[in-house]
Each structure stands twice: as C-alpha cells, then as structure tokens.
Amino acid sequence: MTLIPELLSAIGSGSLRVVDLTNRLQASTPALRLPEPFANLIDFSLETVSAYDEPGPFWKHANIHTGEHVGTHIDAPVHWISGRDGHDVSQLPPERLVGPAAVLDFTAEATENPDFLLDIPHVQAWEETHGTFEPGTWLLLRTGWDRYAEDERAFLNADTTGSHTPGFTAACAEWLAGRSEISGVGVETVGIDAGRGAELIPPFPVHYHLLGADKYGITSLQNLGELPPKGAAIIVAPLPIVGGTGSPARVYALVEAATR
C-alpha cells in the first residue's frame, strides 16, 4: 500500500501544502457576546502553575480556562435543542471530521453588505461551475471576515440593532441540512449563523437545521483565500470532551501547491 508514503512524500516535498485555518487562541480572541438576560461563556485565559521555579523547577505549565465555543471551534449536534439527543463532541465519528472542502467565495458581497446571506441559488450556481458536492464535503463560506480576527469590535460588528455579520438564509440552512453529501459548514465569523440570525425563522436556522440533522459547524476560520474552490481536503481536530457541546479545534487544509 503506497497511499500514506505518497501523502507524506508530497507534504515533505512541498507539492502538497498544509494550510492552517485556525485563529490563534488567546485572551483577546473574539468571542460571542450574548445580550442580557442570556449567559456568556468565559474568555480564554492561561493560569500559570509553575515556570522553572519552586512549584516546578524544571518545567513550565499552566491551567487553561475557556468556554467550549471560543475561537475556532466545532459545534456538535448536542449543542442545539434540535440535536439534543445527538452526539457530543467526544462521539463525533473521526471520518466525518476529514473530507473535501468546497469553498464558496462571497467576499465582495459581504464587503458591500455585512448582512449578506448565502441562499440556495448561490450554492446551485457554484455546483454548476465546479460540480456537485462529494460525499463528506465541508461547505466553507468565505466572506473575508478573517481580516477582523484580531479586532473583536470589528469582528462582531455590533450596533444598537445587534451584530451584523454574514451567514445563510433559513431556506439555505434547511436545504443544506437535507444534503446527505455534507458533513458540515464552516465560516470565518464568530458563529455559524448570521449576526442577525435570531430574526430568521426559525431563529438561528443553521444551528437548528444542521445540528438537528447530525451535521457540524466550525467557526472563526482563517486563510480560506489560500484554498481553491474545489480540490482541497479539510481536517478538523477538536478535543474529545465527554459531554461537550463543542470544542476549540485546530483546523487544517491540504492543498496541492499548484492550486489556489
């Protein structure tokens, strides 16, 4: 069998690039801010336990404190009421976390209108150009929002009417949830629903439809501009938290050097 040696050789030679799609996890990493009376998760922080000193003379280590859904993270089905009887993050089948990446680029539209919503015709037009989705596909919505990843105010883009970030229409969310080829969706924004997702029917339709259909979501992705529309592979690596509704994740893409 030569598949694994060929893969490793391609990575070693640079003909197959590994692209990191993960935002750095630190205290300043942008996180969702829910309005009252809803409760928010804690931000990420490190608590130093020892640093080459009396508590640990030869080592440095720390405790981490974070919410499950902070930074680049995955939403498991059990995260939402529609998937409450589904898998927690420790139960996600590993083969569902590796698959083809379909990158839909709507950066221009989201730049012009931060409340842009991807709709069914947008996806159908992509498939007419690039071919139908392959089994296990992750649909990745590129909007250019990763340029705000170090600036929480711009990233959340909130005013008195709420947050203004791009996402999916309710009809598109329901339609994608019914597509057996799709393992999940990925976005560059703080959540898989649009900033005004609470105003749609049902509220937060991507969470409701996809997680209820045993599909997954990943957020706060970076560097989607380095991926071609079709032909890359995605690898999502969350912590297997027993009972977890989600987890910070390291997300990679494998891309042929000649494609972009």
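Trainee: In this predicted model, which residue meets the side chain of E152 in a salt bridge, and what N to O distance goes with the pair?

Mentor: The general idea is that side chains of opposite charge can pair when their charged atoms come close. Here the side chain of E152 meets that of R33 in a salt bridge, with 3.0 Å from N to O. Because E152 lies in helix 4 and R33 in the loop between strand 1 and strand 2, the pair ties together parts that are 119 residues apart in sequence. E152 has a relative accessible area of 25% and therefore counts as partly exposed.

Trainee: Which residues are joined with R33 by salt bridges that share partners?

Mentor: R33, D43 and E152 are joined into one network in this way. The additional link is the salt bridge between the side chains of D43 and R33, also given as 3.0 Å from N to O. Both D43 and R33 lie in the loop between strand 1 and strand 2, so this pair ties together parts that are ten residues apart in sequence. R33 is partly exposed at a relative accessible area of 37%, and D43 is likewise partly exposed, at 30%.

Trainee: How many salt bridges does a search of the whole structure find?

Mentor: The search finds ten. Among them is the pair of R24 and E150, whose closest N and O atoms are 3.9 Å apart. This pair links distant parts of the chain, with R24 in the loop between strand 1 and strand 2 and E150 in the loop between strand 7 and helix 4, 126 residues apart. R24 counts as exposed, its relative accessibility being 57%.

Trainee: Turning to the helices, at what angle do the axes of helix 3 and helix 5 cross?

Mentor: Two packed helices are described by the angle between their axes and the distance between the axes. For helix 3 (residues 120-130) and helix 5 (residues 170-177), the axes come within 8 Å and cross at roughly 50 degrees, and the two helices are therefore oblique to each other. On the helix 3 side the contact involves I120, V123, Q124 and E127, which meet A171, C172, W175 and L176 of helix 5. Six of the residues in this contact are nonpolar, one is polar and one is charged.

Trainee: Which residues of helix 5 are buried, and what covers them?

Mentor: An α-helix has 3.6 residues a turn, so residues three or four places apart point the same way. In helix 5 the buried residues are A170, C172, A173, L176 and A177. Seen down the axis of helix 5, these buried residues fall within an arc of 165 degrees, so they line one face of the helix. Their cover includes helix 3, helix 6 (205-212) and strand 11 (182-187).

Methods
Residues numbered from 1 in each chain as written. Predicted model: local features only at pLDDT ≥ 70, side-chain atom pairs only at ≥ 80, totals over all residues. Heavy atoms only, no water. Axes fitted to C-alpha atoms, helices over the stretch in contact; angles between N-to-C directions. Helix = DSSP H or I, 4+ residues; strand = E, 2+ residues; numbered from the N terminus. Parallel < 35°, antiparallel > 145°, perpendicular 65-115°, else oblique. Contact = heavy atoms within 4.5 Å. Nonpolar A, V, L, I, M, F, W, Y, C, P; charged D, E, K, R; others polar. Buried < 20%, exposed > 50% of the residue type's maximum accessible area, 1.4 Å probe, protein only. Arc of directions from axis to C-beta. Salt bridge = Lys/Arg side-chain N within 4 Å of Asp/Glu carboxyl O.
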